[in-house]
Amino acid sequence: MANIMDYLEWRDDVTMRTDPFNEVDNLVLSEISYTNLDGIVPSLESGKKISIQEASRLYFERHDPSELDTDKNGATANAPLFLKKASETRRFGRTKLFAYVNEIDQETEVQFSAVSFILPDHSIYIAFRGTDHTLVGWQEDFNMSYMDATPGQKQAAAYISQIGRFTLRKIHVGGHSKGGNFAVYGAAFADPKVQKKIIDVWSNDGPGFNKAIASLEKFKAILPKVHSIVPEHSIIGMIMENAYQHKIVKSNATGLLQHDPTSWQVEGNHFREAEKLSDQSLLFDETMRRWLDGIDSETRKEFIAILFQSLAYGGKTTTDEVELSKPKTLSNMMSVIRSYPADKQRLFGWVLAKLAKSWGTTMIDNFKRKWTGQNS
């Protein structure tokens with residue numbers, strides 16, 4: 001089945017005047033935001049813009065196509081190819097890019113990147129990049145489980161406010177993975193005057209929010225504008241509280257690999273819908289809720305800090321460097337954990353045991369439900 005690259009081929013000459021901005025366009029732009037545009041797209045402070053054709057040309061002047069690891073799954077590997085293809089179409093050919101931000105700060109545990117597009121229909125699409133291959137990016141995802149708001153989420157709200165303050169254009173906001181979470185949070189907590197210009201918010205398999213945020217009236221007020229799109233086997237999109245309805249879509253991948261947006265199936269100008277989430281996705285959701293409900297915020301914070309310090313053993317900074325399948329990696333992680341005081345070691349072990357218990361309880365409950373259904 002077709003994906004978003006095929007969509008760009010098919011819709012090459014279909015302008016937004018002929019067929020307005022749609023859910024697939026949203027994912028294309030979210031995918032492009034994974035491209036490293038440092039030194040190519042003007043910064044937020046400059047106030048300048050660059051055409052999508054020029055951005056693509058400059059990128060491939062600096063990066064040979066052979067450098068792209070297109071055999072890898074994930075949004076980052078193929079993002080530049082989507083930038084190039086979109087720049088060659090009439091649909092996106094008049095698009096301009098501006099206000100690029102790309103920050104990674106290990107001390108504050110922030111991985112934040114955003115870029116804005118002025119589309120041919122004169123609206124703006126604000127795209128937040130999802131989690132990249134940095135350990136600090138993944139740690140920020142975990143931090144969402146105990147923080148009222150992460151620094152990255154706050155930056156998202158400030159970014160939207162700054163973009164929207166000096167324009168009369170209609171605004172779309174979106175992102176994939178953590179970028180979807182930033183899009184929803186940013187739209188909910190942006191300047192109220194800017195919020196009025198936001199016409200829709202797109203969370204593409206983005207994680208949810210902790211209960212403290214999900215219960216706030218400001219958060220609830222943005223929900224009617226939120227479009228949540230998840231694959232059948234959604235894992236990332238099922239984490240924490242998701243108070244909005246999901247559109248469930250078919251994917252060409254299996255299991256966790258369905259998180260890759262390039263695997264989502266496209267028909268015409270929309271995604272091919274699935275009937276329901278997979279059983280595995282629902283079981284994961286139930287397990288995670290049980291697990292997190294039984295752990296207070298301070299314990300979550302301690303556990304995450306220990307986990308990521310052990311993953312970073314030897315100066316590792318990216319997930320590509322962490323090879324969990326190798327016995328040496330696990331041995332090194334255990335060495336780090338054993339270096340902590342006894343009470344911290346017990347806390348870490350207790351949280352892992354809690355996860356195992358939550359999984360076991362979920363499996364038993366699922367078996368009972370199936371048994372009851374078969375014998376009712």
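A: Start with a tryptophan as a landmark. Trp138 lies in helix α5 (residues 135-143). Helices (H or I, at least four residues) and strands (E, at least two) are DSSP runs, numbered from the N terminus. Trp138 is partly exposed, at 30% relative accessibility. On this scale, buried means under 20% relative accessible area, exposed means over 50%, and partly exposed is in between (1.4 Å probe, protein chains only). The C-alpha atom of Trp138 is 16 Å from that of Asp260, although the two residues are 122 apart along the chain.

Two notes on the basis. The model is predicted, so local features need pLDDT of at least 70 and side-chain atom pairs count only at pLDDT 80 or more, while totals for chains, interfaces and linings use all residues. Residues are numbered from 1 along each chain as its sequence is written, and side-chain values use heavy atoms, with hydrogens and water left out.

Rolling a probe the size of a water molecule over the atoms shows where empty space is left. Here the search works on a 1 Å grid over the protein atoms alone, and a cavity is a set of points where a 1.4 Å probe fits but cannot get out. Grid points are joined across faces, edges and corners, and the volume is the space filled by probe spheres set on the points. Over the whole structure, the search finds one cavity of 30 Å³ or more. The volume of the largest cavity is about 30 Å³.

What lines the largest cavity? The lining is made of Ser310, Leu311, Tyr313, Lys316, Thr329, Asn332 and Met333. Lining residues have an atom within 4 Å of a point. By class, three are nonpolar, three polar and one charged. For this count, Ala, Val, Leu, Ile, Met, Phe, Trp, Tyr, Cys and Pro are nonpolar; Asp, Glu, Lys and Arg are charged; the others, Gly among them, are polar. Helices α12 and α13 (327-338) each supply at least two lining residues. With three residues, α13 gives the most.

So look at α13. It has 12 residues. From first C-alpha to last it reaches 16 Å, close to the 16 Å expected at 1.5 Å a residue. The expected span is 1.5 Å times one less than the number of residues. Thr329, Asn332, Met333, Val336 and Ile337 are buried in α13. These residues sit on the same side of α13 because they cover an arc of only 140° around the axis. The arc is taken from the directions from the helix axis to the C-beta atoms. On the other side of α13, Pro327, Lys328 and Arg338 are exposed. The buried set includes Thr329, Asn332 and Met333, and these three residues also line the cavity.

Next, the other lining helix and its charge contacts. Side chains of opposite charge can pair when their charged atoms come close. A salt bridge here is a side-chain nitrogen of Lys or Arg within 4 Å of a carboxyl oxygen of Asp or Glu. There are 17 of them in the structure. Lys344 and Glu302 form one, with 2.8 Å from N to O. This pair links distant parts of the chain: Glu302 is in α12 (residues 297-311), Lys344 is in α14 (residues 342-374), and they are 42 residues apart. Lys344 is partly exposed at 22%. Glu302 is partly exposed as well, at 21%. Elsewhere, salt bridges that share partners join Glu54, Arg57 and Glu61 into one network.

Arg289 bridges to Asp285, with closest N and O atoms 3.0 Å apart. Both lie in α11, four residues apart, about one turn of the helix. Arg289 is partly exposed at 30%, whereas Asp285 is buried at 14%. Arg290 pairs with Glu286, also at 3.0 Å between the closest N and O atoms. That pair too is four residues apart in α11. Arg290 is partly exposed at 29%.

Ala99, in strand β2 (residues 96-105), has a positive phi of about 55° although it is not a glycine. Ala99 is buried at 2%. Ser177 has a positive phi near 60°. Ser177 sits in the loop between β5 (171-176) and α7 (178-189), and is buried at 4%.

Technical notes. 1 Å grid on protein atoms, 1.4 Å probe; cavity = no way out; pocket = protein on both sides within 12 Å on 5 of 7 lines; lining within 4 Å.
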